[in-house]
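Please open the model in a viewer and keep the selection tool at hand.

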Amino acid sequence: MPTIQGFNTLRARSYVFRLPLFTRAMIVVMVAFWLASLQSVWDLRQWGALIPDELGLSTMYRVNTFPLIHLNFFHALFNILSLTPLMERFETEFGTLTSLALFFGPLTTIPALLYVFIEKLILRGNTAVMGASIWVFLLLGIEAIRTYKTNPYLVIGTHHVPTWTTPLMIVLVIEALIPNTSFVGHICGVGTGYLFGLGYLKFLSPPEKALRWIEARLNLLGRLPHYVSVDQKTYGRFGVLPTSNSTSSTTPLGLIAAALLLRRDPRLLKVPPYLSLLCIVVGVVWLLLLPLDQYSRRTYISENALLPGQVHTYFGGSDQNVFRAYRHEVDALQNKTNIEVNDELEKIFKGVGLKVGRQNYTYRSSGNTYSGENVYAILQAPRGDATEAIVLIAAWKNVQDEFNRNGLALALALTRYFKRWSLWSKDIILVVPPDSKAGPQAWVDAYHDAHDASQVASLPVKSGALQGAIALDYAQEGRFESVHIVYDGVNGQLPNLDLINSVVNIASGQMGMGSALQGMWKHSQKYDDNLKTVLRGMLNQALGHASGPHSCFIPYHVDAITLQPVGQGWHDEMGLGRLVEGMFRSLNNLLEKLHQSFFFYLLIHKHRFVSIGTYLPSAMLIAVNFTIMAIALWVKSGHKGVDPTAEQTKDERKTEGDAKGVEVVQVQTAPTSVAVEREILLPLILVAGAQFLGFVPLFLFNQTPSISKLLTSVFVLFTVLNVGLPHAASYFLTNAIPKPPTAQQYLLVKSFSLLLLGMFLSSLATLNFSLAFLVGLLSSPLSFTRPWPDSRAARYAHAALLHLLSPPAVLLVGSAVSGVSVQTVLEEAAFGWHVWGLYTPLVVWCVWWPAWLVGEIVVLGRPKAGSGKEKSA
């Protein structure tokens, strides 16, 4: 196998082309089986996997086919890469016929039967296994025994670790880091490898005389290319392969020297762009694989105390007359002012026997004033001590500014119904804000004493810690088919998954009611609909705006959702009321806040989800591509290319070896690059200036009044200036300063900018995965920007392509596609910035836009000659 020191593309190509026959055949068969598994007519995995309950006399072929079949592309790829060098070494030592006989005989059958015995008779399970990893660990076990015989211990400090334990450590690491791996299967492979390495399975190898006879009879060595015969083995059947006399490449000092030589190799700097592109492609493909069932999990209830759907709900019957009466009273208040409505609602609450509070608020954003008065009532729990509470929200108008007629009437009827029961251990708070955006935010801020007293009044009456909140958005008339669960919070935060699962469980199991997510009213549970649900959820999470009255509660760790009836069906308001009753009964059972299930997830549909450990690598891969390029550019900026022509000097000195009068010629090859000092002042000033310049659009779009379309006019003016700003900055750097930037400084400018972008996005991915992924994907062309000093056409074409992916251009396209005006988008963003604490504008204008601006300046740059002073030796 090629060493680190001697690695190059020619050696790697030669190594691949010299792989022996059996190793090549196994690679081809594994790839063929993977391609065959892509079709849906015949389930190849079910046919060939090692399934304990399916193993019998007629299916004994499974003990030989399961290493050749894999779950997916990555499973096959990593197993082939791991197996190839180990199998090549084994076949080179033992021969092709021996490898064929052993690996389709005892070395596969023994670990397979051992696994079936342990899984079926001891563990009482039926876990199917497949993949060549069992061969990998078997060969690692053989190699570990060989290493142990020559080097028994690995010394770490004062500890001596036996070298034969290395495969066991690898098994534990893989079990901990990689999901859905077979720990028992890997242990069986390692154990069989130990037995073979110790010589206990030597008797199972085919006789050497028989192998020689077959080879001679069939002339295999002459007919089959890359065939390894018995006679080509150097040290006998079970000896150790010969090693090189030079041990410099395997000793620690040799490895260090090899690494230093590899670091100086100029070809190494050609790898990062391809590695960066690979990270982007793999990140996108990773996301596209998530809607598949193999990469998602079925939803389940983690908090056993919820007991969803385990109680009988009684809301109905005469309560429907109460609902109709309340709806009649709400209809009478439709054209009243906010104060008049709250006066009537206060009378209703006090008539039921509830404590009532009212709260004024006034927000200002983009020249608009958002003021109103919230009214709320507290039902004190007969069996509680006012330390915990559940919130029921029924806004006067929903997020679409529609009159929430049925939602408010149903909330009043439910509150009156709840008052009659003595089973509540938590207080119930009914909140009626005048809208679904500013009112709930003002109320929840004041409840947690996090409000601005100059804008929001304090609450006169409070209860205990909020355990959960459910909002009703029932603006449509007539019966409905299913309930739409709206769960997106401010800044992409999500409620505990148990809350959504409880609604789905009660709606489908107890009420016979359908449920929908992300506006997918008809979900086929196939890949197309799964992908649409994921992308819609990611878009809502990336925007970070409030999708309902519940959104304002989630930043305070109060799990909340909005229930919205949709469609035309046979369910009426009593069915929705029983659903809310069931949810309140479940939340009433909680002894503590929901915490056992997931807070970071992507819902595929109502019964499947993807957890953060599965989806996060896609955003991280895109973010790390910027870091890879930044490091590569930093390294490249510290070297200057020189003329690599060889200089020859003759040494006229004679030595004892010159007895025959031969002239000694000593050739000294000049280095291809020399180290230079980095001039970082100008790049630092430029990148820092671009970052601080991002606060200008942030301030403009959040503070400009929206009167007379002024906000739209400012955006148009900024977009025009944004087109010319990079050109003006590039012209200034090239012609207006005494010392224009050099090629090295442009490398440093790009390096610093990409380093900041990668750092911001990798941090953001843990808080708002969707926003980090989308910004990273739209910024990915910045990794491949470069100056074009000699080609004006290429320079302006590249700049034009970057302009198409600038934040203003993306905002224009997004508003056009969604059918929402730019004015509305900017007003919503400004409102979110002032009221909700929305940080999406901050990411767009202070992270994404400065990186784009620096990328444009790099593309338009015309570096001058000179790239720093050479470092002295």
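The largest cavity has a volume of about 80 Å³. A cavity here is a set of points on a 1 Å grid over the protein atoms alone where a 1.4 Å probe fits but cannot get out, and its lining residues have an atom within 4 Å of a point. Grid points are joined across faces, edges and corners, and the volume is the space filled by probe spheres set on the points. This is a predicted model, in which local features need pLDDT of at least 70, side-chain atom pairs count only at pLDDT 80 or more, and totals for chains, interfaces and linings use all residues. Residues are numbered from 1 along each chain as its sequence is written, and side-chain values use heavy atoms, with hydrogens and water left out.

To display the lining, select Y487, D488, L494, T533, V534, G537, M538, Q541, Y601, L602 and L603. Two or more of these residues come from each of α20 (527–543) and β12; α20 gives the largest share, five residues. Helices (H or I, at least four residues) and strands (E, at least two) are DSSP runs, numbered from the N terminus. In total, there are four cavities of 30 Å³ or more.

Next, follow β12 into its sheet. The order β3-β13-β12 describes an open, antiparallel sheet of three strands. Because β3 (297–298) and β12 (601–605) each have a single partner strand, they stand at the edges, and one side of each is left without a neighbour in the sheet. Strands count as paired if DSSP finds at least two bridges between them; β3 and β13 (residues 608–611) are joined by two. Select R297 to find its bridge partner in β13, F609.

Now select residues 355–365 and 368–379, which are the antiparallel strands β4 and β5, joined by eleven bridges. Within this pair, S371 of β5 lies opposite T362. Two residues separate the strands in the hairpin, where S366 takes a positive phi near 55°.

Move to helix α6 (residues 96–103), where six of eight residues are buried (under 20% relative accessible area; exposed is over 50%, partly exposed in between, with a 1.4 Å probe and protein chains only). The buried residues are T96, L97, T98, S99, L102 and F103.

Finally, select W634 in helix α22. At 34% relative accessibility, W634 counts as partly exposed.

Methods
1 Å grid on protein atoms, 1.4 Å probe; cavity = no way out; pocket = protein on both sides within 12 Å on 5 of 7 lines; lining within 4 Å.
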